[in-house]
Amino acid sequence: MTKPTEELLLHENGLSAPGESTADLVRKMIVQLGEDPSREGLRKTPERFEQALRFLTSGYQQNVEKLLNGATFSVAYDEMVIVKDIEFFSLCEHHLLPFFGRVHIAYLPNKKVIGLSKVARLVNMFARRLQIQERMTSQIAQALEDKMEPQGVGVIVEARHLCMQMRGVEKQHGQAVTSAMLGAFRHNKQTRDEFLALVRNKNR
């Protein structure tokens with residue numbers, strides 16, 4: 001099935017006239033908020049916003065196969081591999097406000113390992129979409145599981161959400177923690193506990 005184009009989605013939802021850009025829609029939004037988009041401080045804001053939003057959602061233009069292609073290596077190693085404190089920024093799909101934090105990833109190889117920089121790139125790919133933290137956590141774990149077929153994968157995400165800090169309950173220090181444990185990390189308590197202990201001790 002062909003993915004709908006941006007123009008088609010806007011047209012189907014009654015949001016855009018022919019030839020109208022995201023910047024044009026932002027300009028209308030500024031007017032709806034009671035501001036004047038022609039004043040000096042806002043004159044270039046719609047274009048800047050469009051450029052920033054396209055960067056922050058650039059993960060839609062990527063896929064796991066191309067990202068990880070050629071980055072797995074055969075090796076006789078079966079001990080836990082951990083990549084922790086991977087910083088990320090994403091956009092909450094409910095309010096289009098940022099959430100940000102760190103991702104900790106571990107896996108038990110099954111005759112294959114992956115280039116460490118690709119792990120961080122995988123996080124970026126899923127983070128640079130309209131997201132919820134729970135889904136992003138599962139997507140990262142499942143992508144590694146599908147591509148590498150390891151003995152197990154563990155992913156922990158710690159994040160602060162501006163939709164909770166700036167609005168709603170306005171709790172400035174609240175943090176959400178989510179996890180996805182697959183294979184040995186789900187079924188073997190010793191493996192899971194080792195991963196959790198290493199993450200908890202990350203600042204020591």
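A salt bridge is a side-chain nitrogen of Lys or Arg within 4 Å of a carboxyl oxygen of Asp or Glu, and this tour will come to several of them. The model in the viewer is predicted, so local features need pLDDT of at least 70 and side-chain atom pairs count only at pLDDT 80 or more, while totals for chains, interfaces and linings use all residues. Residues are numbered from 1 along each chain as its sequence is written, and side-chain values use heavy atoms, with hydrogens and water left out.

**The whole chain**

Begin with everything shown as a cartoon, where the secondary structure comes to 9 helices and 7 strands; helices (H or I, at least four residues) and strands (E, at least two) are DSSP runs, numbered from the N terminus. Of the 204 residues in the protein, 38% are buried, a word that stands for under 20% relative accessible area, with exposed meaning over 50% and partly exposed in between (1.4 Å probe, protein chains only). Among contacts between residues at least 6 apart in sequence, 67% join residues at least 24 apart, where contact means heavy atoms within 4.5 Å.

**The sheet**

Next, select the open sheet of 5 strands, whose order is β5-β2-β3-β6-β7 and whose pairing is mixed. Two strands pair if DSSP finds at least two bridges between them. At the edges lie β5 (130-131) and β7 (176-183), each of which pairs on one side only.

Now colour strand β3, residues 98-108, which is mostly covered, since 8 of its 11 residues are buried. Strand β2 (residues 81-92) runs antiparallel to β3 and is joined to it by 9 bridges; to find one such place, select V83, whose bridge partner in β3 is I105. The two strands β2 and β3 form a hairpin with 5 residues between them, and in the turn L96 has a positive phi of about 55°.

Continue from β6 to β7, which pair in the antiparallel sense over 8 bridges, and look at A159, which stands opposite A176 in β7.

**Helix α2 and its surroundings**

At the start of α2, a side-chain oxygen of S21 reaches to within 3.3 Å of the backbone nitrogen of A23. After α2 comes G34, whose phi is positive, near 95°.

**Salt bridges**

Side chains of opposite charge can pair when their charged atoms come close. In this model the count comes to 8 salt bridges, and one of them joins K28 to E20, with the closest N and O atoms 2.7 Å apart. Is each of these two residues buried or partly exposed? K28 is partly exposed, with a relative accessible area of 47%, whereas E20 counts as buried at 17%.

Select R39 and E35 next, which form a salt bridge whose closest N and O atoms are 3.0 Å apart. R39 is partly exposed at 39% relative accessible area, and E35 counts as partly exposed at 36%.

For a further salt bridge, go to K189 and D193, whose side chains meet at 2.5 Å, N to O. Both K189 and D193 lie in helix α9, 4 residues apart, about one turn of the helix. Elsewhere, salt bridges that share partners join D24, R27 and E47 into one network.

**An aromatic pair**

Finish with the rings, among which a search of the whole structure finds 3 aromatic pairs. Rings of Phe, Tyr and Trp (its six-membered ring) pair if their centres lie within 6.5 Å, and planes under 30 degrees apart count as stacked, over 60 as edge-to-face and the rest as tilted. How are the rings of F185 and F195 arranged? Their centres are 5.7 Å apart and their planes are at 85°, so the pair is edge-to-face. F185 is in helix α8 (residues 184-187) and F195 in helix α9 (residues 189-200), 10 residues apart. F185 is buried, with a relative accessible area of 0%, and F195 is buried, also with a value of 0%.

Definitions and conventions:
Polar contact = N/O pair within 3.5 Å; in protein donor to acceptor, adjacent residues only side chain to side chain.
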